[in-house]
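The sequence and the structure come before the discussion.

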Amino acid sequence: ATPAATMVGSTISARNGVLFKGSDVLEQSRGIDAVVFDKTGTLTHGEMELTDVVTPTGFDQPRADGGVTPGNADDTDSAVTDRGPTLDAEFDDQALLGAAASAERGSEHPLAQAIVDGARNRGVELSTPETFENVPGHGIRATVDGSAVLVGNRKLLADADVAPDPATEVMERLEREGKTAMLVAIDGELAGVLATADKVRESAKTTIKSLQDRGVDTLLLTGDTERTARAVAGDLGIDPENVRAGVLPDDKADAIEAIQADGTRAMMVGDGVNDAPALMSAHVGIAIGSGTDVAIESADVTLMRDDPADVLKVLNVADATIEKVY
Ligand code: ADP
Ligand code: MG
């Protein structure tokens, strides 16, 4: 783009809450073939809430409401603790949450925040972990009141020789609901499952539809599991084939390069520290304005209103600006 044309584009869009960095962004935003969205914090608000606390006695129980609990029939997708009836459930839940939330106090991950807040809201008293270790993309390891506590995904437990199998059914049920399900182990024993839910941003679905209508492919890229990612993708109208799930933080950039390997011009939209290398690798990187500083620094464009619909503005402004040039 000529400097003058670029300036026109940037001025118009800055007024609309879209900030461009550098002068060739508009030209690069022309002829985009695919938009790749991070899930958490990008298509969703990233404000996770603890929804489920399941102790081992609840692993084999069908879901408590089964969809037909009398007087509670419309409650199937509400954000309430949702488990099978358990003996001593109150105590077990509190002990499980106490250990997990105390361990998560060492983490700044949004999942950790949800667990800590969820425990406090339920009146659980927390300890300070004696040791803490972050295992990026998998979870955390900590020592709480002398016990070894793990909170994270199947891989985290499997690596510690704790078999996640007894929780398989409950994990899968929660993931089909689009929730992020986490396993807890205490002193080498499977101790329970926690799940969090996040709300999809209002404009996410219509934005994806608009992109598809103009012939732009839409993809979902996430560290979350395939099942959870597909549930969210299904709600948003993203093709299951276009879901790239279970991608470790360090592998997100490689995933973008794989998508671009055939010459596809990809735009990546993300918010997290994890997304920064992918934002750099993409033809155009777009950061959510309330995202992390490193994401914003790594991106070519920042959406100040946190609205996925503003991705369409970027494409529109790029097209309009290019028209002026030629
Ligand atoms: P995302 O890309 O969705 O932000 P991450 O790559 O950070 O996800 O994490 C991937 C998975 O690892 C999570 O879905 C969760 O199962 C597990 N995990 C990561 N950090 C934590 C944590 N602090 N506590 C529990 N589980 C975690
Ligand atoms: Mg994110």
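Which residue takes a positive phi in the hairpin of β7 and β8? In that hairpin, which has 2 residues between the strands, D187 takes a positive phi near 50°.

## Basis of the model

The model is predicted: local features need pLDDT of at least 70, side-chain atom pairs count only at pLDDT 80 or more, and totals for chains, interfaces and linings use all residues. Residues are numbered from 1 along each chain as its sequence is written, and chains are lettered from A and ligands numbered from 1 in the order in which they are written.

## Overall composition

The protein chain contains 13 helices and 13 strands; helices (H or I, at least four residues) and strands (E, at least two) are DSSP runs, numbered from the N terminus. Of its 326 residues, 46% are buried. A residue is buried if 20 or more other C-beta atoms lie within 10 Å of its own, exposed if 12 or fewer, and partly exposed in between, with C-beta atoms placed from the backbone.

Among contacts between residues at least 6 apart in sequence, 62% join residues at least 24 apart. Two residues are in contact if their C-beta atoms, placed from the backbone, lie within 7 Å.

## The antiparallel sheet

An open sheet of 6 strands has the order β3-β8-β7-β6-β5-β4, with antiparallel pairing. Two strands pair if DSSP finds at least two bridges between them. The edges are held by β3 (49–54) and β4 (131–135), each with a single partner strand, so one side of each is left without a neighbour in the sheet. From one strand to the next, the twist averages 20°. Helix α5 (residues 110–121) packs on this sheet and touches β3, β7 and β8; the direction of α5 makes about 70° with that of β3. Axes are lines fitted to C-alpha atoms, for helices over the stretch in contact, and angles run from 0 to 180 degrees between N-to-C directions.

Strand β7 is mostly covered, with 7 of its 7 residues buried. On one side these are T180, M182, V184 and I186, and on the other A181, L183 and A185. Strand β6 (residues 147–152) pairs with β7 in the antiparallel sense over 4 bridges, and G152 stands opposite L183 in β7. Strands β7 (residues 180–186) and β8 (residues 189–197) are also antiparallel, pairing over 7 bridges. In β8, L190 is the bridge partner of A185, while E189 is that of I186.

Is strand β11 (residues 266–270) enclosed or open? Because 5 of its 5 residues are buried, β11 is largely enclosed by the rest of the structure. Both faces are covered: A266, M268 and G270 are buried on one side, and M267 and V269 on the other. Strand β2 (residues 34–38) runs parallel to β11 and is joined to it by 4 bridges, with A34 opposite A266. Strand β12 (residues 284–288) likewise pairs with β11 in the parallel sense over 4 bridges; G270 stands opposite A287 in β12. Strands β12 and β13 (residues 301–303) pair in the parallel sense over 3 bridges, and I286 stands opposite V301 in β13.

## Packing of helices α7 and α9

Two packed helices are described by the angle between their axes and the distance between the axes. Helix α7 (residues 168–176) packs against helix α9 (residues 226–236) at an angle of about 25°, with the axes 7 Å apart. That makes α7 roughly parallel to α9; angles under 35 degrees count as roughly parallel, over 145 as roughly antiparallel, 65 to 115 as roughly perpendicular and the rest as oblique.

The contact is made by E172, E175 and R176 of α7 together with R227, T228 and A231 of α9. By class, it has 1 nonpolar, 1 polar and 4 charged residues. Ala, Val, Leu, Ile, Met, Phe, Trp, Tyr, Cys and Pro count as nonpolar, Asp, Glu, Lys and Arg as charged, and the others, Gly among them, as polar.
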